[in-house]
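We will go from stop to stop, picking residues as we go.

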Amino acid sequence: MHIRQLETFIRIVDTGSFAGAAHAMHTTQSTISARMRELEGALGVPLFDRSGHRAVLTPRGRALLERARQVVGLAADIVRDIGDARAAGGVIRMGVAGLVAMTWLPRLMAALRRRFPAVTVQLEIALTTPLVERLASGELDLAIATGPVQGSRLECLPLGHDEFVWMAPPAMRLPRHALTPAELASRPVLGLSQASHHYPVIEQWFSAGQASYQPVVSCSNVRVLADLTMAGLGVSLLPLRSCRKELEAGELRIIKTRPALPPVEFVALYKRDVLDPLVGAIAELARETSEFPSLAAGLASPAAARATSSRSRARRRPARPPSTS
């Protein structure tokens, strides 16, 4: 009996089939079947009932599962605590939310290549909901997505927060006062699609303001939404940090609203019973390289940031001598 056989056994259980385990472990179904025949031969008992379409555990298989997880987990601890991280190899399937891909993903990938040069990464860029679903089904090893995400089987590492604010094209005439959801709803709204993790938050914001969230255009990519907004097609909720250049260039303008929307949390997610210690190590690396500030550090609004900057300049400016006129 070998560790790889136990890992394969666990993968079959988690994915629900031999084919699913083969896909998750980047091998063939015949290899998976051969490992299970060897494991069952070593134990002398059948572990799966193969009469149906799904791999169903026998009573002996159920009895083995928890012990197999313990043995594989202990082996992973040995590799993590004693082995050389730079020698770690294999394939990591990582899903990344679009905003992270637009900002600090290259920084993470550069750090990953330096620290784990033998690791191959398969990237998938998508919205949070499909990423979490693919993580749960075993199709992904790690997801960097928006939070919070609930799940007793998921390890969740905070990566910081980003501030989302409503923005408009410069030519759009807007009142000086802060707009309510009802006032904003009278404008053409460009919104994130229903698969977005932000969608229910935005919908609730409008609903609490006695307004209906009915975007004239829905899109799953905030970069595309920013481009559509700059083209004058409407207003949209966009990440402040990612749009600073456009704001400074006058291609976008911030819409003051009340109430403000809460900052958006980002997290690294992986299964608590993950077999590969490398997954947790890469999640920690994501926390190290994230460019999002922590909520404790504060996410000052643009107005507050300008006020702070003005006060700072005032403190640095030398006092003017009294006028002699």
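**Stop 1: a salt-bridge network**

Select Arg11, Arg93 and Asp141, which are linked in a network of salt bridges. Remember that this model is predicted. Start with Arg11 and Asp141. Their closest N and O atoms are 3.9 Å apart. Arg11 belongs to helix 1 (residues 3-15), while Asp141 sits in the loop between helix 7 (128-136) and strand 5. The two are 130 residues apart, so this pair links distant parts of the chain.

Are Arg11 and Asp141 buried or exposed? Both are buried.

Now turn to the other link, from Asp141 to Arg93. This salt bridge spans 2.8 Å, N to O. Arg93 lies in strand 3, 48 residues from Asp141. Asp141 counts as buried because its relative accessibility is 8%, under the 20% cut-off. Arg93 has 3% relative accessibility, so Arg93 is buried too.

**Stop 2: strand 3 and its partners**

Five of its seven residues are buried, so the strand is largely enclosed by the rest of the structure. Seven bridges join strand 3 to strand 4, and the two run parallel. Pick Ile92 to find its bridge partner in strand 4, Val121.

Then show strand 5 (residues 142-146). How many bridges join strand 3 to strand 5? There are three, and these strands also run parallel. Met94 has Leu142 of strand 5 as its bridge partner.

**Stop 3: another salt bridge**

The structure holds 12 salt bridges. For one more, select Glu291 and Arg107. Their side chains meet at 3.6 Å, N to O. Glu291 is in the loop between helix 12 (277-289) and helix 13 (302-316), and Arg107 is in helix 6 (residues 105-115). They stand 184 residues apart in the chain. Glu291 is partly exposed, at 33% relative accessible area. Arg107 is partly exposed as well, at 42%.

**Stop 4: aromatic rings**

A search of the whole structure finds nine aromatic pairs. Select Trp166 and Phe206 to see one of them. The ring centres are 5.7 Å apart and the planes meet at 80 degrees, so the pair is edge-to-face. Trp166 lies in strand 7 (residues 164-168) and Phe206 in helix 9 (residues 199-208), 40 residues apart. Both residues are buried. Together with Trp166 and Phe206, they form one aromatic cluster.

**Stop 5**

Three bridges join strand 8 to strand 9, and the two run parallel. Gly191 stands opposite Ser218 in strand 9.

**Stop 6**

Select Leu74, Ile78 and Ile82, which make a nonpolar surface patch of about 330 Å². Ile78 lies in helix 4 (residues 59-82). At 47% relative accessibility, Ile78 counts as partly exposed.

Finish with Cys156 and Cys243. Cys156 is partly exposed, at 33% relative accessible area, whereas Cys243 is buried, at 2%. The structure holds zero disulfides.

Notes. Residues numbered from 1 in each chain as written. Predicted model: local features only at pLDDT ≥ 70, side-chain atom pairs only at ≥ 80, totals over all residues. Heavy atoms only, no water. Phe/Tyr/Trp six-rings, centres within 6.5 Å; stacked < 30°, edge-to-face > 60°. Helix = DSSP H or I, 4+ residues; strand = E, 2+ residues; numbered from the N terminus. Buried < 20%, exposed > 50% of the residue type's maximum accessible area, 1.4 Å probe, protein only. Patch = residues over 30% accessible without salt bridge, like charges linked within 9 Å, V, L, I, M, F, W, Y side chains within 5 Å. Areas by Shrake-Rupley, 256 points an atom, 1.4 Å probe, with all protein chains shown as cover. Salt bridge = Lys/Arg side-chain N within 4 Å of Asp/Glu carboxyl O. Disulfide = S-S within 2.5 Å. Pairing = 2+ DSSP bridges.
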